[in-house]
Amino acid sequence: MADHQEQCTFAAADSFLSTAGSSYFFYPFLVVLSLAGWCMMNSAIQRFASVKKWAKIGYAGLFGKVSKESTKHGGDLVASVLKSHGVPYVFCLSGGHISPILTSCEKLGIRIVDTRHEVNAVFAADAVSRLSGKIGVAAVTAGPGVTNAVTAMKNAQMAQSPVLLIGGSAATALKGRGALQDIDQLSLFSTICKASYSVSRMQDIIPTLRQALQAAQSGTPGPVFVEFPLDILYPFKVVSETFVKPDATKKARSIAAKAEQ
C-alpha cells in the first residue's frame with residue numbers, strides 16, 4: 001500500500017514538473033507571438049487610416065490636381081528652382097522640346113544666352129562655373145542636341161566643374177516608338193556625369209532638380225544631367241490635344257518640327 005502511494009506521489013510530481021517545464025518555454029513564446037500580432041494589427045490600422053485619408057482627399061490629392069484650362073506647366077517649376085538657387089544664366093540652343101523652360105526662365109529674370117551649337121552652350125556654362133564658383137546651367141533639345149553636348153560635359157568632368165545640363169526628350173508615352181529625336185540619353189552620360197535623371201511626373205520636377213544641383217556641387221564637383229519629356233513641360237491642354245487624341249502622333253510631330261524651326 002505504501003509503495004503504491006509512493007509511486008502515485010512520484011507520478012504526480014513528475015507530471016507537475018513536465019507541465020511546468022513546458023509552460024516555462026511556452027509562455028515566453030506566447031508573449032512574443034502576442035507582441036508580433038499586436039504590431040501587425042497596429043500597422044494594419046495605420047495603413048487603413050492612411051488609405052482612408054487618401055480616399056477622402058481623392059485621386060487629385062494623391063496624384064496632383066489637374067486644371068485642364070490652366071496655362072501653368074512644368075517649365076515654370078524648372079525655372080523656379082533655378083531662380084531659387086541663384087542661377088543668373090541659362091546657355092542653350094533653343095528647341096521645341098525645351099521651349100517652356102526657356103520662356104519661364106525669361107519671365108523670372110534669368111538671362112537666356114542662345115549659342116550657335118550645343119557644345120558651346122555647355123562650354124559657356126562650364127566657364128561661368130569656373131569664374132563664379134557657382135553652378136553653370138545649359139539647356140539643349142532632345143536627341144542630337146544632347147549628343148552634341150557630350151564633349152563639353154566630358155570636359156567639365158575632367159575639370160571638376162559643377163555643371164547642370166537640362167535636356168528635352170520625347171513624350172513619356174512615345175518613348176521607344178520612333179518619336180522625333182528619341183534616343184536613350186541617360187546611357188550617354190553614365191560614365192561622364194556624377195548623376196543622371198529622367199523626370200516622369202510633374203511632382204518630381206522640383207525634388208529631382210534640387211537633388212541634381214546638390215549632387216553637382218557636393219563632394220568632388222562635376223556635371224549632372226536631367227532630361228524632361230515633352231508631356232512634363234507643356235500645359236495640360238496642349239499635351240492632351242497633342243498626345244491623347246486620335247491624330248496625336250501627326251500633330252505632335254508637326255508641333256515639334258515647327259518649334260525646332
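Two residues are in contact when their heavy atoms lie within 4.5 Å of each other. With that in mind, welcome to this structure, which is a predicted model.

**A first look**

The protein chain holds 11 helices and 6 strands. Of its 261 residues, 34% count as buried. Taking contacts between residues at least 6 apart in sequence, 74% join residues at least 24 apart.

**A residue to start from: L233**

Let us begin with L233, which lies in helix α9 (residues 230-233). Which residues does L233 touch, not counting residues up to four places away in sequence? They are H73, G74, G75, V78, H97, I98, P100, I101 and F228. Is L233 buried or exposed? Its relative accessibility is 0%, and L233 therefore counts as buried, the limit for that word being under 20% relative accessible area. L233 and D76 are 157 residues apart along the chain, yet their C-alpha atoms are separated by 8.3 Å.

**The sheet**

Next comes the sheet. The 6 strands form an open sheet with parallel pairing, in the order β2-β1-β3-β4-β6-β5. At the edges stand β2 (111-114) and β5 (195-198), each with a single partner strand, so one side of each is left without a neighbour in the sheet. Neighbouring strands of this sheet are turned against each other by 20° on average, direction ignored.

Why is β3 described as largely enclosed by the rest of the structure? Because 5 of the 5 residues of β3 (residues 136-140) are buried.

β3 pairs with strand β1 (residues 89-93) in the parallel sense over 3 bridges, and here L93 stands opposite V140. β3 also runs parallel to strand β4 (residues 163-169), to which 5 bridges join it. In this pairing, V137 stands opposite L164, while A139 has I166 as its bridge partner.

**Another buried residue: V146**

V146 has its place in helix α6 (residues 144-147). The relative accessible area of V146 is 0%, so this residue is buried. Leaving aside residues up to four places away in sequence, V146 touches V140, T141, G167, G168, Q185, L188, F189 and F225. V146 and L165 are 19 residues apart in sequence, and 8.8 Å lies between their C-alpha atoms.

**Two pairs of packed helices**

Two packed helices are described by the angle between their axes and the distance between the axes. The table gives these values for two pairs.

| Helix pair | Angle between axes | Distance between axes |
|---|---|---|
| α5 (residues 118-132) and α7 (residues 150-159) | about 20° | 8 Å |
| α3 (residues 74-84) and α8 (residues 205-217) | roughly 35° | within 9 Å |

How are α5 and α7 oriented to each other? They are roughly parallel, because angles under 35 degrees count as such. The crossing of α5 and α7 is right-handed. From α5, the contact is made by V119, V122, F123, D126 and R130, and from α7 by T151, A152, M153, N155, A156 and A159. By type, the residues of this contact are 7 nonpolar, 2 polar and 2 charged.

In the other pair, α3 passes α8 in a right-handed crossing. G74, L77, V78 and V81 of α3 meet I205, I206, L209, R210 and L213 of α8. The residues of this contact divide into 7 nonpolar, 1 polar and 1 charged.

Where is Q160? Its place is in the loop between α7 and β4. Phi of Q160 is near 55°, a positive value in a residue other than glycine. With a relative accessible area of 46%, Q160 is partly exposed.

**Looking back**

To recap, L233 is buried at 0% relative accessibility, and V146 is buried with a relative accessible area of 0%. Strand β3 is largely enclosed by the rest of the structure, with pairing to β1 and to β4.

Key. Residues numbered from 1 in each chain as written. Predicted model: local features only at pLDDT ≥ 70, side-chain atom pairs only at ≥ 80, totals over all residues. Heavy atoms only, no water. Buried < 20%, exposed > 50% of the residue type's maximum accessible area, 1.4 Å probe, protein only. Helix = DSSP H or I, 4+ residues; strand = E, 2+ residues; numbered from the N terminus. Pairing = 2+ DSSP bridges. Axes fitted to C-alpha atoms, helices over the stretch in contact; angles between N-to-C directions. Parallel < 35°, antiparallel > 145°, perpendicular 65-115°, else oblique. Left-handed = near helix turned anticlockwise from the far one by under 90°. Nonpolar A, V, L, I, M, F, W, Y, C, P; charged D, E, K, R; others polar.
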